[in-house]
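Subject: Structure for your files

Hello,

Here is the structure I said I would pass on.

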Amino acid sequence: MSSNFYPIISAILANVLAQLLKPLFYYLRTGEKDLSSIFESGGFPSSHTSLVVGLTMSYGYLSGFQSQYFFISLVFSLTVIYDAANVRYYAGQNIKMTKQLIQDIEILTQTTLENPVYREKIKDVLGHKWVEVIGGFLLGLITASVLYFFQG
């Protein structure tokens with residue numbers, strides 16, 4: 001593998017592995033099979049985190065952990081990880097709460113809210129819990145490390 005492509009291969013491979021592992025960890029946690037989680041955000045491990053950590057670590061190995069490429073990638077990674085664990089996670093929690101409020105209002109008032117906006121299918125798992133982020137971090141670290149040491 002050319003060192004020019006090592007960072008992008010490392011990042012994409014870490015991301016793909018995270019997505020492929022999601023159904024396995026979901027099954028281990030719930031006992032239910034659900035292959036659809038391969039194509040969804042949220043869940044364990046965080047594919048966003050594994051992607052950016054795979055990229056950052058590969059630049060660290062390739063260019064040195066004091067290089068400008070590593071630091072640029074590190075800042076990018078910290079932004080993505082913060083977003084996954086905070087902004088997107090709490091947006092998902094807000095969606096869950098809003099759905100519950102709509103349901104409660106309909107039950108309490110014994111009416112059905114007719115506006116189509118209330119029936120819009122909105123995904124409520126957007127971000128990650130910190131344990132999912134840590135799983136993605138470890139997967140990105142391992143992927144970048146294994147690829148680096150095997151490329152010679």
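Predicted model: local features only at pLDDT ≥ 70, side-chain atom pairs only at ≥ 80, totals over all residues.

Residues are numbered from 1 along each chain as its sequence is written, and side-chain values use heavy atoms, with hydrogens and water left out.

Helix α4 (130-151) has 22 residues and reaches 31 Å from its first C-alpha to its last, close to the 32 Å expected at 1.5 Å a residue. Helices are DSSP runs (H or I, at least four residues), numbered from the N terminus. The expected span is 1.5 Å times one less than the number of residues. Among the buried residues of α4 are Val133, Leu139, Ala144 and Leu147; buried means under 20% relative accessible area, exposed over 50%, partly exposed in between (1.4 Å probe, protein chains only). The buried residues of α4 pack against α1, α2 (47-63) and α3.

The largest nonpolar core has eleven residues, including Tyr6, Met57, Val80 and Ala144. Such a core is a set of buried Ala, Val, Leu, Ile, Met, Phe, Trp, Tyr and Cys residues joined through side-chain atoms within 4.5 Å. α2 gives the most to this core, with four residues.

Beyond its neighbours within four places in sequence, alanine 144 is in contact (heavy atoms within 4.5 Å) with Tyr6, Ser10, Gly54, Met57, Ser58 and Tyr61.

On the surface, proline 116, in the loop between α3 and α4, is exposed because its relative accessible area is 60%. Isoleucine 9, in helix α1 (residues 6-30), is partly exposed, at 36%.

Regards

How values were computed:
Helix = DSSP H or I, 4+ residues; strand = E, 2+ residues; numbered from the N terminus.
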